[in-house]
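Good morning, and thank you for making time for this item. I shall go through one structure, moving from its ligand sites to its overall form.

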Amino acid sequence: MASLIQEVGETFVTLFKGFSVTLRTIFRPTTTENFPEVPPSVQPRYRGIHVLQRDEHGYEKCVGCFLCAAACPANCIYIEAAENTDANRISAGERYAKVYNIDYSRCIFCGYCVEACPTDAITHGHSIELAPYDINSLLYRKEQLLEPWPPQAVNSSAKP
Ligand code: SF4
Ligand code: SF4
């Protein structure tokens, strides 16, 4: 009889502990985010899909120096550089990245490429959507990474 009373007592104590956690949590502010209907909020330092930046004139900041590719421990950056010409100026430097690919099936988002870049041409964006069915679609090309340039901001003096 004594052990039965002890068991019932222990059961009530256990239930009380469990429900006290539940009750405390019920009245806390919710942290649930309605992704994908609502974009998730991330911290400013979050390392998402990279962005290739442009300068204030719309030129690409990347000068095709390969330092980011050399710093990448996952060897997932592929660059082909080309010379700027007066007729075809893409960046403010001598060269630009004709091809700039990042293979996100290998990238570990370490940020070394961002740190290595001398022109701040590559930064981390805040996009988190990298879950495709086809692994080949994780190879991002320059056209997907490059910051869009507003057509209305382009004028003849800014970008020949
Ligand atoms: S974040 Fe790291 S792994 Fe990803 S491309 Fe940059 S250097 Fe390579
Ligand atoms: S992103 Fe930066 S480090 Fe990489 S090739 Fe371009 S300028 Fe060089």
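I begin with ligand 2, whose space is the largest cavity. Please bear in mind throughout that what you see is a predicted model. Which residues come nearest to ligand 2? Of the 14 residues around this ligand, they are C62, C65, F66, C68 and C117. By class, the shell around ligand 2 holds twelve nonpolar residues and two polar ones, with no charged residue.

F66 lies in the loop between β1 and α2, the latter spanning 67–71. Its phi is near 75 degrees, which is a positive value in a residue other than glycine. As background, most residues other than glycine have a negative phi.

Ligand 1 takes up the second largest cavity. Around ligand 1 there are again 14 residues, and those that come nearest are C72, C107, C110, G111 and C113. How does the shell around ligand 1 divide by class, and how many of its residues are charged? Eleven are nonpolar, three are polar, and none is charged.

Let me turn to the sheet. It is an open sheet of three strands in the order β2-β3-β5, with antiparallel pairing.

The pairing can be followed strand by strand. Seven bridges connect β2 with β3, residues 95–103, in the antiparallel sense. Within this pair, Y78 has N101 of β3 as its bridge partner, and A81 stands opposite A97 in β3. On the β5 side, β3 is joined by two bridges, and these two strands also run antiparallel. There, D103 stands opposite L139 in β5.

A further local feature concerns the backbone at P36. This residue is found in the loop between α1 (2–26) and β1 (50–52). The peptide bond that joins F35 and P36 is cis, with omega at about 10 degrees. Again as background, most peptide bonds are trans.

I close with the chain as a whole. Its secondary structure comes to four helices and five strands. From the N terminus on, the elements run α-β-α-β-β-α-β-β-α. The radius of gyration of the chain is 26 Å, well over the 15 Å that the globule rule gives for 160 residues, so the chain is more spread out than a compact globule. Along the principal axes, the C-alpha atoms fill a box of roughly 95 × 35 × 30 Å.

How is the chain divided into domains? The domain assignment gives domain 1 as residues 1–31 and domain 2 as residues 50–153. The centres of domain 1 and domain 2, taken over C-alpha atoms, are separated by 55 Å.

Methods. Residues numbered from 1 in each chain as written. Chains lettered and ligands numbered in written order. Predicted model: local features only at pLDDT ≥ 70, side-chain atom pairs only at ≥ 80, totals over all residues. Heavy atoms only, no water. Near = heavy atom within 4 Å. 1 Å grid on protein atoms, 1.4 Å probe; cavity = no way out; pocket = protein on both sides within 12 Å on 5 of 7 lines; lining within 4 Å. Sits in = over half its atoms within 2 Å of the grid points. Nonpolar A, V, L, I, M, F, W, Y, C, P; charged D, E, K, R; others polar. Domains from an automatic or database assignment. Pairing = 2+ DSSP bridges. Rg over C-alpha atoms; globule rule 2.2 N^0.38 Å.
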